[in-house]
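Student: I would like to learn how the words used for a protein model are backed up by values. Could we go through one together?
Tutor: Gladly, let us look at it first.

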Amino acid sequence: MASESAYSEGAEPGRFLRARRTQTGPQQRNLARHLFLHPAARDLFPDWDRQITGCVARLRAIAGTAPDAPDLTGLVGELLLKSPDFAGLWERYEVTGRKPPQKTFQHPQVGTVTLTSQSLHVEGTPEQRIGVYVAEPGTPDHGTLLLLDMTAPRPEHGFPPGAIRQRP
């Protein structure tokens, strides 16, 4: 099953996008698991109901193309057992393909920020994807990302302030 990560280990400004997902091991980090099983997910995603509905519909679409994928069946089985919300949505049999959704996050310092996400497949690893979140330049959300970049604490050998650049 593809896991989504909104955070590169060196990209401090993106840390809030994976906020509260660090309590699990790398093999357990998965946006679907986080949305349904982590108690803080409802706080991180103000539009949690919309997020979980789309998540389940995308998992159904993946199940249609790779029904025997062991990581998919394991994830679905786990969520069916542990999350009544997931079980109820799974029973609906709604299916949708992956499209660039918007995700709204509640950041503890800057408030609400809405970003467009893309999922990129990693060549040679059909089960792996990289999640990328962007804001349109000139929008308030882009300004929020720039503010986060300028104010984020820097590791000793990390990205310099202003590492997020506006596209020319």
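Tutor: Let us start with Leu148, which lies in helix α6. Helices here are DSSP runs of H or I with at least four residues, strands are runs of E with at least two, and both are numbered from the N terminus. Keep in mind that this is a predicted model, in which local features need pLDDT of at least 70, side-chain atom pairs count only at pLDDT 80 or more, and totals for chains, interfaces and linings use all residues. Residues are numbered from 1 along each chain as its sequence is written, and side-chain values use heavy atoms, with hydrogens and water left out.

Student: Why is Leu148 called buried?
Tutor: Buried means under 20% relative accessible area, exposed means over 50%, and partly exposed is in between (1.4 Å probe, protein chains only). Leu148 has a relative accessible area of 8%, so Leu148 is buried. Its C-alpha atom is 10.0 Å from that of His107, a residue 41 places away along the chain.

Student: What makes Thr144 buried or exposed?
Tutor: Thr144 is found in helix α6 too. The relative accessible area of Thr144 is 15%, so Thr144 counts as buried. Setting aside neighbours within four places in sequence, Thr144 is in contact (heavy atoms within 4.5 Å) with Val110 and Val113.

Student: Why do we say that the buried residues of α6 line one face?
Tutor: The buried residues of α6 are His142, Thr144, Leu145, Leu148 and Asp149. Seen down the helix axis, they fall within an arc of 155°, so they line one face of α6. That arc is taken from the directions from the helix axis to the C-beta atoms. On the other side of α6, Pro140, Met150 and Thr151 are exposed. The buried residues of α6 pack against β1 (102–107) and β2 (111–122).

Student: Which elements does the chain have, and in which pattern?
Tutor: The chain has 6 helices and 3 strands, and along the sequence they read α-α-α-α-α-β-β-β-α. Of its 168 residues, 39% count as buried.

Student: What do the buried residues of α3 pack against?
Tutor: Helix α3 covers residues 48–65, and its buried residues include Trp48, Ile52 and Leu59. They pack against α1 (31–37), α2 (41–44), α4 (70–82), α5 (84–90) and β1.

Student: What makes a group of residues a nonpolar core?
Tutor: A nonpolar core is a set of buried Ala, Val, Leu, Ile, Met, Phe, Trp, Tyr and Cys residues joined through side-chain atoms within 4.5 Å. The largest one here has 27 residues, and those touching the most other members are Leu35, Phe36, Phe45, Leu59, Phe86, Phe105 and Leu115. The largest share of this core, 5 residues, comes from α3.

Student: Why is the pair of Phe36 and Phe86 called edge-to-face?
Tutor: Rings of Phe, Tyr and Trp (its six-membered ring) pair if their centres lie within 6.5 Å; planes under 30 degrees apart count as stacked, over 60 as edge-to-face and the rest as tilted. By this rule there are 4 aromatic pairs. The centres of Phe36 and Phe86 are 5.2 Å apart and their planes stand at 85°, so this pair is edge-to-face. Phe36 is in helix α1 and Phe86 in helix α5, 50 residues apart. Phe36 and Phe86 are both buried.

Student: What makes Tyr93 buried or exposed?
Tutor: Tyr93 has a relative accessible area of 58%, so Tyr93 is exposed. Tyr93 is in the loop between α5 and β1. Its phi is near 60°, a positive value in a residue other than glycine.

Terms used: The expected span of a helix is 1.5 Å times one less than its number of residues.
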